[in-house]
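Hi everyone, thanks for coming. Have the sequence and the 3D view open, and I'll walk you through a few spots.

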Amino acid sequence: MIKKEFYDVINGEILYKTYSTDGFYIMQYPTGILYEDAVDIENSEYTYAESDITINQEQESEVNYDE
Amino acid sequence: MSYVIQETTLKDIANAIRGKNGTADLISAAQMADAITNLPSGEANIQPLTITSNGTYTAPEGVDGYSPVVVNVAGGGSSLITVDPKDYNFYDCFGNIVASWTFAEMKAAQALPEYPNTHPEEGIVFDGWNWTLEEIKALKAPIDVGANYDTIDKKTWIELEFPDDGQEHAFYLAAQTTRPGRPYTTDWGDGTSTASSSSNYQSSGHTYAAGVKKAIIKITNDPTYSNNGYSMNGIRTNYSLASGKANDATYDGTDYENIRALSYVKSIKYGTEGCVGSQVAYNSSDICRLFSEMDLRCITFPNKLKIIKEDDGSEGDKITISYQSTASFRAPAINFPRDIAYTNIISGGCNPGYLVNVGVITSPGNMTQHFARTGTTTALTTQRMYPGGYKQYNLYFRYNYDNAINYSTSGYYSQTRAKRIVYNLKDAKSSIYLELAPNTEEIWWLDNQKSWFSFRASFSTARSLRGIYIFDETSVLPIGGSTYLDNLFDNPNVNVYVPASLLESYKTATNWSKYASRIFELPEEYLL
């Protein structure tokens with residue numbers, strides 16, 4: 001599930017953090033970029049949806065060229 | 001109080017003024033102060049100079065001086081007086097910096113520096129740098145450049161030194177003809193030689209008599225075969241042989257057993273008409289499992305190294321230096337040859353490497369992949385250098401993703417002592433994960449093309465980092481998660497520098513906005 005919550009106020013800008021509560025990458029629209037989490041200014045143009053790619057899955061890979 | 005000034009002194013001053021302002025006008029003593037004030041100012045015209053013999057050197061007309069000056073009047077092999085690193089560094093095969101330039105010196109350069117030594121005692125001659133001046137200027141980033149060499153007889157040399165134990169010493173060569181009709185000849189350096197047959201997978205061995213302490217093996221193609229091209233596979237090893245098992249220089253269907261005692265090998269110098277490596281495994285054209293257990297004084301490649309693929313005998317464009325994961329490989333420098341599209345250094349089985357110990361690694365300017373291999377499910381190869389790159393100043397990382405979609409991408413390069421790491425990635429559709437080395441001071445990021453995932457790094461390991469310089473003017477570089485930037489900016493010395501046209505976009509971009517006060521325009525001196 002996507003969750004968006006208040007993050008911080010920096011230099012007068014209110015920031016919000018968006019992330020997946022289930023450990024998935026979130027996909028930013030309209031860019032299509034995948035993030036572990038995203039911190040945006042209050043009136044950001046971006047929206048997010050949960051992807052089907054788990055964050056750990058992406059990081060744990062190791063390359064074996066013998067195969 | 002009064003002083004007497006001699007007329008000749010006034011004439012000297014007037015001549016000096018005329019020499020600077022380019023006029024022939026007479027100048028009175030009263031006019032001299034204004035004339036000096038009005039002299040044109042300008043930056044000094046400094047050019048590099050390499051000195052290879054004793055003598056007096058005067059800057060030519062229009063040149064104010066020299067920098068740097070590379071001195072080698074001794075003329076002896078590796079006895080170079082090296083220079084301090086600058087923005088661009090030129091390395092010999094011993095890992096010495098033989099010339100270095102600042103950004104300004106590179107901008108002004110009309111040609112790459114001359115190589116200061118021909119290493120006559122090593123049997124090699126300088127064969128060109130592995131970058132061209134045009135490639136360096138087009139890259140617009142600082143790099144390390146390596147010297148390539150050919151052997152004086154254009155054969156490939158393998159220099160051996162044997163233990164002084166009064167015993168015979170056997171040596172087995174990775175004598176593999178890659179395709180029928182591509183034979184080679186091995187001169188064992190003790191008055192004997194072996195001519196290969198044209199069959200595939202042929203190995204050869206030789207036993208040196210007791211008391212022989214040194215030998216230089218020379219390998220060449222048989223010139224009677226006009227269409228043979230380059231046949232030699234190179235040197236391969238086998239654990240069991242290295243650990244003392246009796247020789248079995250045969251192909252067993254999975255591996256070769258070629259060199260018994262790799263520790264005998266002290267240098268490898270590839271020649272343009274000698275053997276050229278061709279990896280046999282995986283239908284690729286790499287040199288694999290090549291250098292386990294070697295502690296090389298030097299390894300050299302010619303500027304134009306031809307590689308023959310095993311699978312179809314055509315010319316390849318990959319070169320991989322590999323070693324068994326439980327072994328070690330040491331060399332002062334590896335300057336890969338030009339016209340090689342893929343370069344890599346990996347451990348045995350072509351897995352990511354851990355124990356390689358190389359002073360400096362330079363790959364050619366026209367490569368498309370560096371420290372990486374292509375694949376449909378994987379992209380970057382993990383590279384952990386312990387403590388590889390200990391003489392490196394600029395580490396250049398080039399990778400072309402070819403639009404591959406990778407869920408399993410991880411690219412580390414840790415433990416290098418390089419001050420700058422330059423990333424030049426093309427067509428990336430996956431994340432770039434960096435494990436930064438403690439000595440890294442600057443990251444240069446040249447291209448954001450098609451990033452699908454995002455840039456992430458273990459910034460907490462980069463204790464020396466002080467700047468990330470992002471040059472792509474097309475879009476904001478996505479950063480993977482807020483925690484990565486938190487790690488990055490925990491270091492109070494770190495700032496991020498971006499193109500002026502994107503400065504405001506970065507300050508409000510996803511995950512960057514929290515650190516807007518640490519984002520600045522690229523410094524002018526870095527806009528090459």
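First, a term: a disulfide here is a pair of cysteine sulfur atoms within 2.5 Å. This is a predicted model, where local features need pLDDT of at least 70, side-chain atom pairs count only at pLDDT 80 or more, and totals for chains, interfaces and linings use all residues. Residues are numbered from 1 along each chain as its sequence is written, chains are lettered from A and ligands numbered from 1 in the order in which they are written, and side-chain values use heavy atoms, with hydrogens and water left out.

Take C93(B): it's in no disulfide, and the nearest cysteine sulfur, from C298(B), is 4.6 Å away. Are these two buried or exposed? Buried means under 20% relative accessible area, exposed over 50%, partly exposed in between, with a 1.4 Å probe and protein chains only. C93(B) is buried at 1%, and C298(B) is buried at 0%.

Staying in chain B, look at D472(B), in the loop between β30 (467-470) and α6 (482-489). Helices (H or I, at least four residues) and strands (E, at least two) are DSSP runs, numbered from the N terminus. D472(B) is buried too, with 6% relative accessibility.

Now over to chain A. Strands β1 (residues 2-10) and β2 (residues 13-20) pair in the antiparallel sense over eight bridges; pairing takes at least two bridges found by DSSP. I2(A) sits opposite S20(A) in β2(A). The two strands make a hairpin with two residues between them, and N11(A) in the turn has a positive phi of about 50°.
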